[in-house]
Amino acid sequence: MELKKNEIYTAQITDYTTEGSGVCKINGIAVFVPSTAVGDTVSVKIVKSAKNYAYGRAEEIISPSNQRKEPDCAVFGKCGGCTFRHIDYSAELEFKQKRVVDTMTRIGGVDSGLIEKIIGAKSCNFYRNKAQLPVTADKNGKICVGFFAPRSHRVVPLDECHLQSKAFAPAIKIFLEWANSINIKPYDEQTHTGILRHLYLRYAEKTDELMVCIIANANELRHEKQLVQLLVDNVPNLKTVVLNTNTDKTNVIVGKKCRTLYGDGYITDELCGLKFRISPLSFYQVNRTQAERLYGIAAEYADLKSDETLIDMYCGTGTIGLTMAHNAKKLIGVEIIPQAIEDAKKNAKFNGIENAEFICADASSAAEALSKRKIKPDCIVLDPPRKGCDSKLISTISSMSPSRVVYVSCDPATLARDIKIFSEYGYNAEKITPVDLFPRTVHVECVVLLTKVHN
């Protein structure tokens, strides 16, 4: 029987969805309730009902779970940044471990015994070295920044975020003071009017260098020199200021055109003993400390020898491949974004790595071209986007017959699907290690070693 909208029931939360909402059963129907914890007894108001499931809102926590903790953020539940500020970190890691195990066994057909214990983060707060803050105006017309509410483009203003680096605060303060002093308008995506779209900040943790990038619906800003001077005078670790132009009617945040207003247009950080230049368009892991641990596992799984060739698919700015290059005879990186390839080449030169080649092409085309060149990789590293690999790429990789494939994934479901396809080509999962790069969110990374079991 379908549950009635606005009816209130009492139920116990027994599980989590992959999106982190609590799950309870009411009259045999699964009800999804955000911001609840396994073990909570709650008063649930039905807000949407379908035949076999419903969505609810917790009206009251009647009996709290022993996993529950008091959220340490005033906008938790309103802002879409965090999912798990209301439970202990140990419970969050348990959820992520279970999610990986369930997905790998159910979709990927993997033996659960091959899945290692998740590597938790040493710190759950202030770990993000990148912030893209939408600019808006409050009800009084004052310009502010914040984060989008869940499943919406409504901006929730906030002064501090427990995920973002504390290094961002001085620059945010100066930017807002400047914007309000000159009466510049925030961008309105409905009317495509206004100037300021996002304040984009990046921080190099190891070198203490800060980048400020303003994303604007314009090629220049009024009083931009004043903004630069204010930042220079008040932000001691400021390295560069960049204006990024995005005049398209799009949800894509960063435009293709950048103009440097101050500094070199990039910051430099250190990762796994190498230095990397980071520009507004560069990919760089947002949690540097956990990224080093992730890349360390990937290098261990790759187990490269001095006479072996490594192909790094979806190489971005070269981070994973370059951190392994010293163990291999040859590194070939593949990436479809031209700017990323240029950054990868610069990063190789910057670190004195001479055995690296980078190709600008989509992964499938590049794999076919390398196969025609008779290049026989011993190991291929894959770090695809959330959608995973297409079947054509997996087929081409398999035809190149590497003895090892190291797959780094940010989505357990697409990873499990691809592991299943790889197994059809004679590649079996040997080890899987989940790594928590994004504490307090539902996201979890995995590193998988696939080995060729027959010719």
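Q: What makes the charged end of Lys 239 count as sitting over the ring of Tyr 266?

A: In this predicted model, the charged end of Lys 239 is 5.1 Å from the centre of the Tyr 266 ring. The cut-off for the distance is 6 Å, and the charge must also be within 35 degrees of the ring normal. The charged end of Lys 239 is therefore described as sitting over that ring.

Q: Which ring does the charged end of Arg 197 sit over?

A: The ring is that of Tyr 187, and the charged end of Arg 197 is 4.0 Å from its centre. This value also lies within the limit of 6 Å.

Q: Why is the pair of Tyr 53 and Tyr 55 called edge-to-face?

A: A pair of aromatic rings is described by the distance of the centres and the angle of the planes. For Tyr 53 and Tyr 55, the centres are 5.9 Å apart, and the angle between the planes is 90°. The distance is within 6.5 Å and the angle is over 60 degrees, so the pair is edge-to-face. By this rule there are eight aromatic pairs. Ring pairs also link a cluster made up of Tyr 16, Phe 84 and Phe 95.

Q: Why do Tyr 53 and Tyr 55 count as partly exposed?

A: The relative accessibility is 34% for Tyr 53 and 36% for Tyr 55. Buried means under 20% and exposed means over 50%, so a value in between counts as partly exposed. Both tyrosines therefore receive that description.

Q: How do you know whether Asn 244 is buried or exposed?

A: Asn 244, a residue of strand β12 (residues 238-245), has a relative accessible area of 0%. Because the limit for buried is under 20%, Asn 244 is buried.

Q: What makes the approach of Lys 257 to Asn 244 a polar contact?

A: The backbone oxygen of Lys 257 lies 3.3 Å from a polar atom of the Asn 244 side chain. This distance is within the cut-off of 3.5 Å.

Q: How do you know whether Lys 225 is buried or exposed?

A: Lys 225 belongs to helix α3 (residues 224-234). Its relative accessible area is 73%, and exposed means over 50%, so Lys 225 is exposed.

Q: Why is strand β17 described as largely enclosed?

A: Strand β17 covers residues 330-335, and five of its six residues are buried, so the rest of the structure largely encloses it.

Q: How do you know that β17 pairs with β16 and with β18?

A: A pairing requires at least two bridges. Strand β16 (residues 309-313) and β17 have four bridges and are parallel, while β17 and strand β18 (residues 356-360) are joined by five and also run parallel. Among the bridge partners are Ile 311 with Ile 332 and Glu 335 with Cys 360.

Q: Which helices take part in right-handed β-α-β units with β17?

A: Helix α5 (residues 319-324) forms such a unit with β16 and β17. Helix α6 (residues 338-350) forms another with β17 and β18.

Q: What makes β9 and β13 edge strands?

A: The open sheet has seven strands in the order β9-β8-β7-β10-β11-β12-β13, with mixed pairing. Strands β9 (155-157) and β13 (257-262) each pair on one side only, and they are the edge strands. From one strand to the next, the twist averages 35°.

Q: How do you know that β7 and β8 are paired?

A: Three bridges join β7 (residues 130-137) to β8 (residues 143-148), and the two strands run antiparallel. At least two bridges are needed, so they count as paired. Val 135 stands opposite Val 145 in β8.

Note on methods. Residues numbered from 1 in each chain as written. Predicted model: local features only at pLDDT ≥ 70, side-chain atom pairs only at ≥ 80, totals over all residues. Heavy atoms only, no water. Axes fitted to C-alpha atoms, helices over the stretch in contact; angles between N-to-C directions. Phe/Tyr/Trp six-rings, centres within 6.5 Å; stacked < 30°, edge-to-face > 60°. Buried < 20%, exposed > 50% of the residue type's maximum accessible area, 1.4 Å probe, protein only. Right-handed = clockwise from strand over helix to strand, strands pointing away. Polar contact = N/O pair within 3.5 Å; in protein donor to acceptor, adjacent residues only side chain to side chain.
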